[in-house]
Amino acid sequence: MVYSVRARANGKRLAARPHSHRMRNAHPVEAAVGIEYYVSDTEGTGGRLRETPEDFRVREREAFGADLQDLDAETGSYPHLVFRATLRGWDTNDFASALSNRLGVSRERVSWAGTKDKHAITTQLFSIKREKNTLPDIDGADIEPLGRAGRPVLFGDLIGNEFEIVVREADRPENADRIAEELRAFAGDDGDEAAIAVPNYFGQQRFGSKRPITHRVGLAILAGDWEAAAVQYVCESSEREPERTRQARDRIAAERDWSAVPEELPGGLRFERAIAARLAESAAEPADYREALERLPTNLQQMFTNAAQSYAFNRILSERLRRGLPFGRPVKGDVVCFADSDGLPDPDRTQVVDESQLRTVRRHCERGRAFVTAPLVGTDTEFGETEPEAITREVLSDLGIDRSDFSLPGAFGSSGTRRAIRVSTDLEVDRDPFTLGFSLPKGSYATVVVREFLKTDPDDLA
């Protein structure tokens, strides 16, 4: 089955090719972060996620076994205690802080494979640099020591995540079967009749679930407009925020009285308060907006650039959908990457596909040995050729950015990488209660699968 979509209302776009039907437009909040379409046409089931943490279960598929020694291993050579924790209602960062506080050690001693949301039951891998093999009891945490290691568990020490997601208050749960069939059609010839597939979009939480702004801050930084970036992050409000917070942001934007921020903004907005505190310090001199942003944690600085890259990536995928290009097999000019030892896309092993290679590379893609990719743009990005190249250049032109804009100091800079444009998985659907079960490779978002079924406000997925 071949898909088409509606043309965009803004910017220059080539005419879409004729196809059998037209795609559904995404929710406006999703479109604001580059997710412009659904690939399934059937009306959504409706419903909400995360009524309780038990409704959203995540278990990591671990990839640390080769580095793990027995618990009685010598601590001088193996200083890190590796443990598995099942957490209820814990954000990963907050749990790590609570654990280090209980032990009276630096938070930097605790590390983990993947960051998880607190509105869930999550089973995930951690390590802590500690001689003893015992750990304290923490409410909402079931901790299982596994062994010792010569290095800490690092971000990315997992193959993927398994999800079991309960949908509450669905209006049309019976539509799930038809939606699954349409997603199997999008999966194409994967050799697995149970497999479904969706575009490998970055989910709403990449940009801020309540206030999707991080990509816009990143675009301002790439444009060299540090003032706009800092002011946007502190002052721009969202209708999805509490009214008090919206009003406070609006007052600060109008008055630019940075010293009033601690009184105006809620204490939980600590990053906004940190930026404002630095700007208040330089009130008597020209404000150094860049230096204020550099006061933020390194991972947050990276997040701004990453969000801008993710937004461009989402736009590239949406444009590919609009043009009716395939996602599971390459066209001439595509850049594919090959599978690593775990069967995951390896962005460091790529190839631009020319006409003479199409048949061979398509066969590799069908067998899961290669994946069609799009760029997370940076200074070293390869655009490919022909139509895939044209799509990337068109999106970047529309955003007013170029590869050279990513040549920034410190955490704001990026050489870029590539990401598979489609993600496929086996799917199980239960009816009592209405539950979706599937697994995804690391870096892919459960919400990009679930959104195809519910087709509802992203707030209901958060």
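## Reading strands, a helix and salt bridges

Modeller: Glu-281 counts as exposed, at 54% relative accessibility. The model is predicted.

Colleague: What makes that value count as exposed?

Modeller: Exposed means over 50% relative accessible area, and buried means under 20%. Glu-281, at 54%, is therefore exposed, while Arg-278 has a relative accessible area of 13% and is therefore buried.

Colleague: How do the side chains of Arg-278 and Glu-281 meet?

Modeller: A salt bridge needs a side-chain nitrogen of Lys or Arg within 4 Å of a carboxyl oxygen of Asp or Glu. Arg-278 and Glu-281 form one, at 3.6 Å from N to O. Both belong to helix α8 (residues 270-281), and because they are three residues apart there, about one helical turn separates them. Elsewhere, salt bridges with shared partners connect Glu-319, Arg-322, Arg-323, Glu-387 and Glu-394 in one network.

Colleague: How many salt bridges does a search of the whole structure find?

Modeller: The search finds 39. One of them joins Arg-151 to Asp-67, with the closest N and O atoms 3.0 Å apart. This pair links distant parts of the chain: Arg-151 is in the loop between β5 (141-149) and β6, and Asp-67 is in the loop between β1 and β2 (80-88), 84 residues apart. Arg-151 is partly exposed at 25% relative accessible area, and Asp-67 is partly exposed at 32%.

Colleague: Which parts does the salt bridge of Asp-459 and Arg-240 tie together?

Modeller: The side chains of Asp-459 and Arg-240 meet at 2.8 Å, N to O. Asp-459 lies in the segment after α13 and Arg-240 in the loop between α5 (226-235) and α6 (243-255), so the bridge ties together parts 219 residues apart in sequence. Asp-459 is partly exposed, at 28% relative accessibility, whereas Arg-240 is buried, at 18%.

Colleague: Is helix α13 mostly covered or mostly open?

Modeller: Helix α13 (residues 446-454) is mostly covered, with nine of its nine residues buried. Among them are Arg-451 and Glu-452, along with Val-448, Val-449 and Phe-453. Just after the helix, Lys-455 takes a positive phi of about 50°.

Colleague: Which strands pair with β6?

Modeller: To read a pairing, look at the bridges between two strands and the sense in which they run. Strand β1 (residues 56-62) pairs with β6 in the antiparallel sense over seven bridges, and Arg-59 stands opposite Glu-162 in β6. Strand β13 (residues 434-441) also runs antiparallel to β6, joined by seven bridges. Here Ile-165 stands opposite Leu-436 in β13.

Colleague: How many residues of β6 are buried?

Modeller: Seven of the nine residues in β6 (residues 158-166) are buried, and the strand is mostly covered.

How values were computed:
Residues numbered from 1 in each chain as written. Predicted model: local features only at pLDDT ≥ 70, side-chain atom pairs only at ≥ 80, totals over all residues. Heavy atoms only, no water. Buried < 20%, exposed > 50% of the residue type's maximum accessible area, 1.4 Å probe, protein only. Helix = DSSP H or I, 4+ residues; strand = E, 2+ residues; numbered from the N terminus. Pairing = 2+ DSSP bridges.
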